[in-house]
Amino acid sequence: MMSKLPEIFSISLSIFAFGLILTYLPTQATGVALQKNDTRASELFVSIIPVLKHPRCLNCHANGDFPRQGDDSHIHTQNVRRGPDGKGKYAEKCQTCHQEQNVAGLNMPPGAPNWHLPPANMPMIWEGKTPGQICRQIKDPKQNNGKTIAQIVDHVTSDKLVMWGWNPGEGRTLPPLAHDEFARRFQEWARLGAACPD
């Protein structure tokens with residue numbers, strides 16, 4: 001029996017290691033290591049809602065076929081419309097005024113690469129929705145342009161248009177969480193299984 005002890009220990013260790021590998025392997029859906037915890041993931045999503053409902057985000061994710069402006073989210077003063085691709089309609093294209101970066105000066109046109117609203121076929125409207133409804137919409141490939149959880153995480157953590165919200169130009173308030181903290185919570189939400197609150 002004593003001679004079999006090292007062999008038994010070796011097999012047990014291999015089984016344990018294999019179990020750990022399966023637990024932390026990247027999943028196909030998210031591309032991140034998964035350590036499922038629905039309760040914590042839901043809490044994390046609720047904690048980022050103040051950012052998603054802040055005017056820097058909500059002005060492009062509001063009800064209607066038009067963007068909003070300012071901290072009071074008033075209707076865009078130039079009567080701009082979404083258009084089919086989200087980049088404006090007729091001669092009023094977003095990039096006519098919104099360049100690659102902010103125009104200097106108080107309340108001057110903000111800018112970032114590829115300035116646009118979500119397209120008309122999936123407008124990603126968050127106004128008036130609960131955290132659970134927003135979460136399910138963000139995760140639904142039929143409503144998020146076919147994105148995986150990993151692609152959504154990449155979008156909110158590195159897309160220059162999203163990151164503009166934390167560098168909005170003079171006269172505009174910042175979201176209530178720093179971008180690094182927002183990104184950390186979003187990544188952790190995905191890592192824990194991307195569960196949605198009720």
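Start by selecting helix H4 (94-97), which gives three residues to the lining of the second largest pocket, the largest share. Helices here are DSSP runs of H or I with at least four residues, strands are E runs of at least two, and both are numbered from the N terminus. This is a predicted model, where local features need pLDDT of at least 70, side-chain atom pairs count only at pLDDT 80 or more, and totals for chains, interfaces and linings use all residues. Residues are numbered from 1 along each chain as its sequence is written, and side-chain values use heavy atoms, with hydrogens and water left out.

Now show the rest of that pocket. Its 29 lining residues include Gln69, His76, Gln78, His98 and Pro110, which lie nearest its centre. Besides H4, the elements giving two or more residues are H3, strand E1 (68-69) and strand E4 (92-93). The space comes to about 590 Å³. A pocket is an open set of points on a 1 Å grid over the protein atoms alone, where a 1.4 Å probe fits, with protein on both sides within 12 Å along at least five of seven lines; lining residues have an atom within 4 Å of a point. The volume is the space filled by probe spheres set on the points, which are joined across faces, edges and corners.

Next, jump to the largest pocket, at about 750 Å³. Select His61, His116, Pro118, His155 and Val162, the closest to its centre among 32 lining residues. Then colour H2 (38-52), H3 (55-58), H6 (149-158) and H7 (160-163): each of these helices supplies at least two lining residues.

Time for some charged pairs. Pick Glu127 and Arg68, a salt bridge with its closest N and O atoms 3.4 Å apart (a side-chain nitrogen of Lys or Arg within 4 Å of a carboxyl oxygen of Asp or Glu). Glu127 sits in the loop between H4 and helix H5 (131-139) and Arg68 in strand E1, so the pair ties together parts 59 residues apart in sequence. Arg68 is buried at 17% relative accessibility, while Glu127 is partly exposed at 26%; buried means under 20% relative accessible area, exposed over 50%, and partly exposed in between, using a 1.4 Å probe and protein chains only.

Last stop: helix H8 (residues 179-191). Select Glu188 and Arg191, bridged at 2.8 Å and three residues apart, about one turn of the helix.
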